[in-house]
Amino acid sequence: MIKKLAIVLLVLFWTGSAFGGNIEVDPQLSNYSKQGGVSGNISSVGSDTLNNLMTLWSEKFKQFYPNINIQVEGKGSSTAPPALISATAQLGPMSRAMKQKEIDAFESKFGYKPIPIRVAVDALAVFVNKDNPIKGLNLEQVDALFSKSRRRGHKEVTTWGDLGVTGNWADRPISAYGRNSASGTYGFFKKLIMKKGDYKDQVKEQPGSASVVQSVSVDPFSAGYSGIGYKTSSVRALPLAESGTSFVAPTAENALAGEYPLARFLYIYVNKAPGKPLDPLTKEFVKMILSKEGQQVVVKGGYFPIAKAVTDEDLQKISAIMTN
């Protein structure tokens with residue numbers, strides 16, 4: 001998945017977009033153009049990781065359509081598929097791709113698959129308190145920090161000394177914070193980092209990404225994982241390595257180049273029947289997200305924007321002429 005992400009998004013560098021310092025959106029993206037006949041209510045149910053972005057996108061969309069009513073609920077990615085199936089939401093934001101069983105449940109109801117729209121890039125981060133002196137971690141160490149299965153083969157980790165921190169920190173037990181099982185980030189982390197192993201019983205599950213970061217900010221000997229968009233000045237997002245000590249920082253440039261090992265797409269799923277147009281309100285909301293204005297919101301929200309090559313592919317998915 002990470003290699004695919006890198007190949008698709010390298011077009012950003014070829015078009016001259018710069019990610020050293022200030023993050024810029026792809027200059028080839030089109031500005032959003034307000035359309036007539038767009039009205040009504042729209043609901044979003046799904047990812048907590050995307051909750052802030054959904055709120056910011058809603059505010060931007062209402063600048064174009066002040067009379068639109070938008071509701072946003074972010075309790076976890078696993079809540080998106082049922083909401084789309086029951087038609088209680090038109091937008092299903094997810095911080096992971098849908099599982100096959102979720103796709104099958106949708107298809108059994110409608111006779112076709114849901115449409116995934118890539119809306120941003122995230123660098124899933126391992127956060128520590130800002131005063132923690134550790135330089136970085138490799139994925140074997142991260143696995144041993146959070147998982148009791150330790151399928152990557154690292155020895156047991158209980159103190160900061162087990163991760164190479166010396167001095168007064170060496171004997172300090174690690175407090176670990178994570179997400180709950182409704183979270184797409186929980187599932188992504190479990191699958192990619194822990195190789196589907198089990199979390200330690202001591203990992204303190206939090207209801208949202210902001211809660212993870214807040215917990216780490218006030219607990220000096222803690223670590224937690226969350227999307228990069230929730231980073232604050234009270235925590236550090238650790239550089240990571242696949243193995244060894246060649247740590248890579250979770251920057252936009254590293255994520256988009258595929259160098260950072262926990263880069264991922266963030267999605268919004270929609271219900272579009274083959275050969276039929278998407279309802280105008282949902283279609284325009286998605287078009288706005290994939291526009292220059294929508295991707296500027298991504299930067300404002302602390303995540304990384306996607307390239308025109310990606311938006312062009314996904315805009316085709318919601319076009320009325322698409323038949324499969």
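Residues are taken as buried when their relative accessible area is under 20%. In the predicted model described here, helix α8, which spans residues 209-218, has S209, V212, V213, S215, V216 and S217 as its buried residues. The cover over these buried positions of α8 includes the strands β5 (125-129), β7 (175-179), β8 (204-206), β9 (222-226) and β10 (235-237). In general, an α-helix has 3.6 residues a turn, so residues three or four places apart point the same way.

Helix α10 (residues 280-289) is largely enclosed by the rest of the structure, because 7 of its 10 residues are buried. These buried residues are L281, T282, E284, F285, V286, M288 and I289.

Across the whole structure, a search finds 17 aromatic pairs. Among them, F61 and Y65 form a tilted pair, with 4.8 Å from centre to centre and 50 degrees between the planes. F61 counts as buried because its relative accessibility is 0%, and Y65 likewise counts as buried, at 4%. The rings of F106 and Y112 are edge-to-face, since their planes stand at 70 degrees, with the centres 6.0 Å apart. Both F106 and Y112 are buried.

Aromatic rings also take part in arrangements with charged side chains. R118 lies over the face of F265, at 5.3 Å from the ring centre. The charged end of K204 is placed over the ring of Y177, 5.1 Å from the centre of that ring.

The largest pocket of the model has a volume of about 370 Å³. Its lining comprises 15 residues, and R96, A97, G187, F188 and K191 lie nearest the centre. Two elements, α7 (184-192) and β12 (263-270), each give two or more residues to this lining. The greatest contribution comes from α7, with 5 residues. By class, the lining contains 7 nonpolar, 2 polar and 6 charged residues.

Individual buried positions were examined in two further helices. T311 is located in helix α12, which covers residues 308-317. With a relative accessible area of 1%, T311 is buried. Apart from residues up to four places away in sequence, T311 touches L29, L290 and I306. Q141 belongs to helix α6 (residues 139-146). The relative accessible area of Q141 is 12%, under the 20% limit, and this residue is therefore buried. When neighbours within four places in sequence are set aside, Q141 is in contact with G136, H154 and L163.

The loop between α11 (292-300) and α12 contains A307. This residue counts as buried because its relative accessibility is 0%. A307 and A120 are separated by 187 residues in sequence, while their C-alpha atoms are 9.4 Å apart in space.

Backbone geometry was considered at two loop positions. In general, most residues other than glycine have a negative phi. A87, in the loop between α4 (80-85) and β3 (92-94), has a positive phi near 65 degrees. A87 is exposed, with a relative accessible area of 55%. K195 also has a positive phi, near 50 degrees. The location of K195 is the loop between α7 and β8. At 43% relative accessibility, K195 counts as partly exposed.

Technical notes
Residues numbered from 1 in each chain as written. Predicted model: local features only at pLDDT ≥ 70, side-chain atom pairs only at ≥ 80, totals over all residues. Heavy atoms only, no water. 1 Å grid on protein atoms, 1.4 Å probe; cavity = no way out; pocket = protein on both sides within 12 Å on 5 of 7 lines; lining within 4 Å. Points joined across faces, edges and corners; volume = space filled by probe spheres on them. Helix = DSSP H or I, 4+ residues; strand = E, 2+ residues; numbered from the N terminus. Nonpolar A, V, L, I, M, F, W, Y, C, P; charged D, E, K, R; others polar. Phe/Tyr/Trp six-rings, centres within 6.5 Å; stacked < 30°, edge-to-face > 60°. Buried < 20%, exposed > 50% of the residue type's maximum accessible area, 1.4 Å probe, protein only. Lys NZ or Arg CZ within 6 Å of the ring centre and 35° of its normal. Contact = heavy atoms within 4.5 Å.
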